[in-house]
Amino acid sequence: MTGRHLPYSLKPEFVRGCTLRCVFCGLRNQAWAEEKYEYMPEALWRQYVDAVAAWRPKVRIEIANRGEPTIHPQFLEFIAIARKALPKAQFLVSTNGDLSDQIGLTEFKEFVRQAQHLGVNCFLLDCYTPKRLRDFRALFAGVANAFFDDAANPYPYRGPDWRALIIKDACTYKRDEGGRAPKENIILHYHNQGGNADVGPGPAAKMYPNVRPIQEPLARMCVRPFREMPMWYDGSVPICCDDWADKKIVGVFPDKSLPDLWDTYDDVRASLIARDRGAHAPCNKCTEQQGKRFGLELGWFKNDNV
(Lines give C-alpha, C1' and ligand atoms only; values in the text may rest on other atoms or scores of the structure.)
Protein backbone atom coordinates (compact mmCIF):
# COMPACT_ATOMS: atom_id res chain seq x y z
CA MET A 1 0.00 0.00 0.00
CA THR A 2 1.25 3.49 -0.76
CA GLY A 3 0.18 6.79 0.69
CA ARG A 4 -0.44 5.47 4.19
CA HIS A 5 1.22 7.08 7.16
CA LEU A 6 0.87 7.01 10.91
CA PRO A 7 -0.84 9.93 12.67
CA TYR A 8 1.12 13.15 12.87
CA SER A 9 -0.81 14.25 15.97
CA LEU A 10 -2.49 12.48 18.88
CA LYS A 11 -5.13 14.37 20.86
CA PRO A 12 -5.94 13.00 24.32
CA GLU A 13 -8.73 14.59 26.35
CA PHE A 14 -7.91 15.23 30.01
CA VAL A 15 -11.28 16.76 30.88
CA ARG A 16 -14.79 16.72 29.45
CA GLY A 17 -16.54 19.86 30.60
CA CYS A 18 -16.04 23.60 30.70
CA THR A 19 -17.37 26.76 32.31
CA LEU A 20 -19.62 27.34 29.27
CA ARG A 21 -19.09 31.08 29.49
CA CYS A 22 -18.61 31.56 25.74
CA VAL A 23 -21.96 32.21 24.09
CA PHE A 24 -20.80 30.97 20.70
CA CYS A 25 -19.29 27.63 21.69
CA GLY A 26 -20.78 24.36 20.50
CA LEU A 27 -20.01 22.75 23.85
CA ARG A 28 -23.08 24.51 25.20
CA ASN A 29 -25.23 22.44 22.86
CA GLN A 30 -24.09 19.01 24.00
CA ALA A 31 -26.40 16.78 26.05
CA TRP A 32 -23.73 16.37 28.73
CA ALA A 33 -22.89 20.09 29.01
CA GLU A 34 -24.65 20.62 32.34
CA GLU A 35 -23.31 17.43 33.92
CA LYS A 36 -20.37 17.30 36.29
CA TYR A 37 -16.90 17.32 34.82
CA GLU A 38 -15.39 14.02 33.75
CA TYR A 39 -11.66 13.42 34.18
CA MET A 40 -9.34 10.93 32.55
CA PRO A 41 -8.19 8.42 35.21
CA GLU A 42 -4.49 8.04 35.90
CA ALA A 43 -4.47 4.32 35.06
CA LEU A 44 -5.81 5.02 31.56
CA TRP A 45 -3.31 7.83 31.00
CA ARG A 46 -0.41 5.56 31.96
CA GLN A 47 -1.66 2.85 29.60
CA TYR A 48 -2.07 5.41 26.85
CA VAL A 49 1.39 6.99 27.05
CA ASP A 50 3.03 3.56 27.26
CA ALA A 51 1.10 2.48 24.15
CA VAL A 52 2.11 5.68 22.33
CA ALA A 53 5.75 5.13 23.33
CA ALA A 54 5.66 1.68 21.74
CA TRP A 55 3.92 2.93 18.59
CA ARG A 56 4.77 6.61 17.97
CA PRO A 57 7.57 7.69 20.37
CA LYS A 58 8.29 10.85 18.36
CA VAL A 59 4.85 12.36 17.86
CA ARG A 60 3.00 15.57 18.56
CA ILE A 61 0.51 15.32 21.42
CA GLU A 62 -2.12 18.08 21.62
CA ILE A 63 -3.96 18.20 24.94
CA ALA A 64 -7.31 19.94 24.57
CA ASN A 65 -10.64 18.71 23.11
CA ARG A 66 -14.04 19.04 24.86
CA GLY A 67 -12.99 20.73 28.08
CA GLU A 68 -10.44 22.85 29.88
CA PRO A 69 -7.48 20.49 30.41
CA THR A 70 -5.69 22.48 33.10
CA ILE A 71 -8.50 21.95 35.62
CA HIS A 72 -7.70 18.23 35.79
CA PRO A 73 -6.61 17.75 39.44
CA GLN A 74 -3.60 15.70 38.27
CA PHE A 75 -2.64 17.87 35.31
CA LEU A 76 0.97 18.48 36.36
CA GLU A 77 1.40 14.86 37.41
CA PHE A 78 0.06 13.69 34.03
CA ILE A 79 2.58 15.88 32.22
CA ALA A 80 5.44 14.41 34.26
CA ILE A 81 4.21 10.87 33.56
CA ALA A 82 3.97 11.55 29.84
CA ARG A 83 7.36 13.21 29.54
CA LYS A 84 9.05 10.29 31.28
CA ALA A 85 7.41 7.80 28.90
CA LEU A 86 7.82 9.98 25.81
CA PRO A 87 11.12 11.90 25.96
CA LYS A 88 11.08 12.57 22.19
CA ALA A 89 7.45 13.69 21.89
CA GLN A 90 6.25 17.28 21.67
CA PHE A 91 3.39 18.39 23.93
CA LEU A 92 1.03 21.27 23.22
CA VAL A 93 -1.65 22.40 25.67
CA SER A 94 -4.55 24.54 24.45
CA THR A 95 -6.22 26.38 27.30
CA ASN A 96 -8.82 29.12 27.64
CA GLY A 97 -7.20 30.11 30.92
CA ASP A 98 -10.23 29.46 33.12
CA LEU A 99 -7.93 27.99 35.74
CA SER A 100 -6.73 31.54 36.41
CA ASP A 101 -10.24 32.40 37.61
CA GLN A 102 -9.97 29.65 40.21
CA ILE A 103 -6.43 30.10 41.50
CA GLY A 104 -5.61 33.72 40.54
CA LEU A 105 -3.43 35.21 37.83
CA THR A 106 -0.13 35.06 39.72
CA GLU A 107 -0.69 31.43 40.66
CA PHE A 108 -1.70 30.63 37.07
CA LYS A 109 1.58 32.06 35.80
CA GLU A 110 3.46 29.80 38.20
CA PHE A 111 1.32 26.84 37.11
CA VAL A 112 2.28 27.45 33.48
CA ARG A 113 5.94 27.73 34.48
CA GLN A 114 5.78 24.41 36.32
CA ALA A 115 4.04 22.68 33.43
CA GLN A 116 6.68 23.86 30.96
CA HIS A 117 9.42 22.78 33.36
CA LEU A 118 7.85 19.30 33.54
CA GLY A 119 7.64 18.92 29.79
CA VAL A 120 4.97 21.01 28.04
CA ASN A 121 6.56 22.44 24.91
CA CYS A 122 3.89 24.96 24.01
CA PHE A 123 1.12 26.64 25.97
CA LEU A 124 -1.46 28.10 23.58
CA LEU A 125 -3.57 30.59 25.54
CA ASP A 126 -6.88 31.10 23.74
CA CYS A 127 -8.37 34.45 24.76
CA TYR A 128 -12.09 34.61 23.98
CA THR A 129 -12.80 37.87 25.81
CA PRO A 130 -11.05 41.27 25.69
CA LYS A 131 -10.47 41.13 29.46
CA ARG A 132 -8.76 37.77 29.30
CA LEU A 133 -6.60 39.03 26.44
CA ARG A 134 -5.59 42.14 28.41
CA ASP A 135 -4.90 40.13 31.57
CA PHE A 136 -2.71 37.56 29.83
CA ARG A 137 -0.79 40.10 27.79
CA ALA A 138 0.06 41.90 31.02
CA LEU A 139 0.70 38.69 32.98
CA PHE A 140 3.07 37.21 30.42
CA ALA A 141 4.63 40.43 29.15
CA GLY A 142 8.13 39.66 27.98
CA VAL A 143 7.50 35.92 28.30
CA ALA A 144 5.15 35.06 25.44
CA ASN A 145 6.97 34.28 22.22
CA ALA A 146 4.42 35.99 20.04
CA PHE A 147 0.76 36.64 19.57
CA PHE A 148 -1.09 34.30 17.25
CA ASP A 149 -2.39 37.21 15.19
CA ASP A 150 1.23 38.11 14.44
CA ALA A 151 1.63 34.85 12.52
CA ALA A 152 3.12 32.79 15.35
CA ASN A 153 2.33 29.17 14.54
CA PRO A 154 2.46 26.65 17.39
CA TYR A 155 1.40 23.61 15.38
CA PRO A 156 4.40 22.19 13.45
CA TYR A 157 6.46 19.52 15.20
CA ARG A 158 9.66 21.17 16.42
CA GLY A 159 11.11 18.55 18.74
CA PRO A 160 11.02 17.96 22.49
CA ASP A 161 13.29 20.88 23.41
CA TRP A 162 11.24 23.63 21.75
CA ARG A 163 9.45 25.96 24.19
CA ALA A 164 6.80 28.59 23.49
CA LEU A 165 4.00 30.43 25.20
CA ILE A 166 1.63 31.91 22.66
CA ILE A 167 -1.29 34.21 23.32
CA LYS A 168 -4.03 33.75 20.76
CA ASP A 169 -6.45 36.60 20.21
CA ALA A 170 -9.74 34.83 19.47
CA CYS A 171 -12.10 37.64 20.45
CA THR A 172 -11.46 40.56 18.10
CA TYR A 173 -12.79 40.96 14.60
CA LYS A 174 -14.35 43.56 12.34
CA ARG A 175 -17.94 43.32 11.13
CA ASP A 176 -18.74 44.07 7.51
CA GLU A 177 -21.18 46.77 6.34
CA GLY A 178 -24.11 44.44 6.97
CA GLY A 179 -23.06 43.86 10.57
CA ARG A 180 -21.86 40.31 9.87
CA ALA A 181 -18.71 38.75 11.27
CA PRO A 182 -16.07 37.47 8.82
CA LYS A 183 -15.99 33.77 7.91
CA GLU A 184 -12.50 33.27 9.30
CA ASN A 185 -13.53 34.37 12.76
CA ILE A 186 -13.09 31.71 15.42
CA ILE A 187 -16.68 32.20 16.56
CA LEU A 188 -18.11 31.22 13.19
CA HIS A 189 -15.58 28.44 12.84
CA TYR A 190 -16.83 26.59 15.90
CA HIS A 191 -20.51 27.10 15.27
CA ASN A 192 -20.78 24.51 12.53
CA GLN A 193 -17.56 22.58 12.96
CA GLY A 194 -18.68 18.98 13.34
CA GLY A 195 -22.30 20.18 13.32
CA ASN A 196 -21.82 20.88 17.02
CA ALA A 197 -23.79 24.07 17.54
CA ASP A 198 -27.44 25.00 17.46
CA VAL A 199 -27.62 28.30 15.61
CA GLY A 200 -31.36 28.73 15.95
CA PRO A 201 -32.97 31.52 17.98
CA GLY A 202 -30.85 32.59 20.91
CA PRO A 203 -28.00 34.90 21.96
CA ALA A 204 -25.45 33.46 19.54
CA ALA A 205 -27.78 33.80 16.55
CA LYS A 206 -28.48 37.43 17.45
CA MET A 207 -24.79 38.20 17.85
CA TYR A 208 -23.74 36.40 14.67
CA PRO A 209 -26.68 36.51 12.24
CA ASN A 210 -24.77 35.09 9.29
CA VAL A 211 -24.10 31.77 11.02
CA ARG A 212 -26.37 29.08 9.61
CA PRO A 213 -26.33 25.27 9.72
CA ILE A 214 -25.46 23.73 6.38
CA GLN A 215 -28.43 22.34 4.48
CA GLU A 216 -26.66 19.50 2.68
CA PRO A 217 -23.39 17.56 3.12
CA LEU A 218 -20.27 19.34 1.93
CA ALA A 219 -18.50 17.86 -1.06
CA ARG A 220 -15.05 19.13 -0.16
CA MET A 221 -12.50 16.86 1.43
CA CYS A 222 -11.20 16.90 5.00
CA VAL A 223 -7.95 15.22 5.96
CA ARG A 224 -8.25 15.13 9.76
CA PRO A 225 -8.87 11.34 9.88
CA PHE A 226 -5.72 10.86 7.78
CA ARG A 227 -3.48 12.87 10.08
CA GLU A 228 -4.60 12.82 13.68
CA MET A 229 -6.29 10.61 16.24
CA PRO A 230 -8.08 11.96 19.32
CA MET A 231 -9.07 10.00 22.40
CA TRP A 232 -11.71 11.05 24.91
CA TYR A 233 -11.30 10.95 28.70
CA ASP A 234 -12.83 7.42 28.90
CA GLY A 235 -10.76 5.85 26.12
CA SER A 236 -13.38 6.31 23.40
CA VAL A 237 -11.83 7.22 20.05
CA PRO A 238 -14.03 9.46 17.85
CA ILE A 239 -13.57 9.91 14.14
CA CYS A 240 -12.41 13.46 14.72
CA CYS A 241 -11.65 15.89 17.53
CA ASP A 242 -14.75 17.85 16.42
CA ASP A 243 -17.08 14.91 17.05
CA TRP A 244 -18.13 16.35 20.40
CA ALA A 245 -21.48 14.53 20.37
CA ASP A 246 -19.97 11.06 19.71
CA LYS A 247 -21.64 10.57 16.34
CA LYS A 248 -18.89 8.23 15.15
CA ILE A 249 -16.87 6.31 17.75
CA VAL A 250 -14.47 3.94 15.99
CA GLY A 251 -13.50 2.01 19.12
CA VAL A 252 -12.28 2.16 22.67
CA PHE A 253 -8.72 2.06 24.02
CA PRO A 254 -7.34 -0.20 25.47
CA ASP A 255 -9.98 -2.69 24.27
CA LYS A 256 -8.41 -2.13 20.85
CA SER A 257 -4.80 -1.16 20.27
CA LEU A 258 -3.87 2.25 18.94
CA PRO A 259 -2.67 0.83 15.57
CA ASP A 260 -5.93 -1.12 15.19
CA LEU A 261 -7.97 1.97 16.02
CA TRP A 262 -6.01 3.96 13.44
CA ASP A 263 -6.88 1.40 10.75
CA THR A 264 -10.56 1.40 11.78
CA TYR A 265 -10.91 4.91 10.35
CA ASP A 266 -10.74 3.53 6.81
CA ASP A 267 -14.49 3.46 6.10
CA VAL A 268 -14.72 7.18 6.76
CA ARG A 269 -11.50 7.87 4.90
CA ALA A 270 -12.93 6.15 1.83
CA SER A 271 -16.02 8.37 1.86
CA LEU A 272 -13.92 11.51 2.29
CA ILE A 273 -11.70 10.59 -0.63
CA ALA A 274 -14.85 10.01 -2.71
CA ARG A 275 -16.10 13.46 -1.62
CA ASP A 276 -19.11 11.70 -0.07
CA ARG A 277 -19.28 13.44 3.27
CA GLY A 278 -22.95 12.59 3.56
CA ALA A 279 -22.08 8.96 4.24
CA HIS A 280 -21.07 9.57 7.84
CA ALA A 281 -22.02 11.78 10.75
CA PRO A 282 -20.62 14.16 11.88
CA CYS A 283 -18.85 14.76 8.55
CA ASN A 284 -22.26 15.29 6.92
CA LYS A 285 -22.86 18.46 8.95
CA CYS A 286 -19.33 19.78 9.30
CA THR A 287 -17.90 22.92 7.71
CA GLU A 288 -14.29 21.91 8.26
CA GLN A 289 -11.82 21.56 5.41
CA GLN A 290 -8.71 20.72 7.32
CA GLY A 291 -5.46 20.53 5.39
CA LYS A 292 -4.46 20.95 1.76
CA ARG A 293 -2.11 18.02 1.02
CA PHE A 294 -4.69 16.05 -0.97
CA GLY A 295 -2.21 14.03 -3.04
CA LEU A 296 -0.97 11.85 -0.21
CA GLU A 297 -4.46 11.17 1.10
CA LEU A 298 -5.89 10.42 -2.34
CA GLY A 299 -3.35 7.61 -2.67
CA TRP A 300 -4.30 6.12 0.69
CA PHE A 301 -5.94 2.97 -0.70
CA LYS A 302 -3.71 2.52 -3.72
CA ASN A 303 -2.25 -0.97 -3.99
CA ASP A 304 1.14 -1.26 -5.71
CA ASN A 305 0.42 -4.86 -6.63
CA VAL A 306 -2.69 -4.06 -8.69
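Trainee: Where is Pro-254 found?
Mentor: In this predicted model, Pro-254 sits in the loop between strand S11 (249-252) and helix H9 (258-264).

Trainee: Is the peptide bond from Phe-253 to Pro-254 cis or trans?
Mentor: That bond, from Phe-253 to Pro-254, is cis, with omega near 10°. A cis peptide bond also joins Ala-281 and Pro-282, where omega is about 5°. Pro-282 belongs to the loop between helix H10 (266-273) and helix H11 (294-298). Most peptide bonds are trans.

Trainee: Back to Phe-253: what does Asp-234 touch?
Mentor: Beyond residues up to four places away in sequence, Asp-234 touches Leu-44, Val-252 and Phe-253. Its side chain also makes a polar contact of 3.0 Å with the side chain of Ser-236.

Trainee: And where is the place of Asp-234?
Mentor: Asp-234 is in the loop between strand S9 (228-231) and strand S10 (236-238). Asp-234 counts as partly exposed because its relative accessibility is 38%.

Trainee: Changing topic, is Ser-9 buried or exposed?
Mentor: Ser-9, which lies in strand S1 (residues 9-12), counts as buried because its relative accessibility is 5%. The side chains of Ser-9 and Glu-62 are joined by a polar contact of 3.0 Å.

Trainee: What about Asn-65, positive or negative phi?
Mentor: Asn-65 has a positive phi of about 75°, although it is not a glycine. Asn-65 is in the loop between strand S4 (60-63) and helix H2 (75-85), and it counts as buried at 17% relative accessibility.

Trainee: How about the phi of Asp-246, positive or negative?
Mentor: Asp-246, not a glycine, has a positive phi of about 60°. Its place is the loop between S10 and S11, and Asp-246 is partly exposed at 36% relative accessible area.

Terms used. Residues numbered from 1 in each chain as written. Predicted model: local features only at pLDDT ≥ 70, side-chain atom pairs only at ≥ 80, totals over all residues. Heavy atoms only, no water. Helix = DSSP H or I, 4+ residues; strand = E, 2+ residues; numbered from the N terminus. Buried < 20%, exposed > 50% of the residue type's maximum accessible area, 1.4 Å probe, protein only. Polar contact = N/O pair within 3.5 Å; in protein donor to acceptor, adjacent residues only side chain to side chain. Contact = heavy atoms within 4.5 Å.
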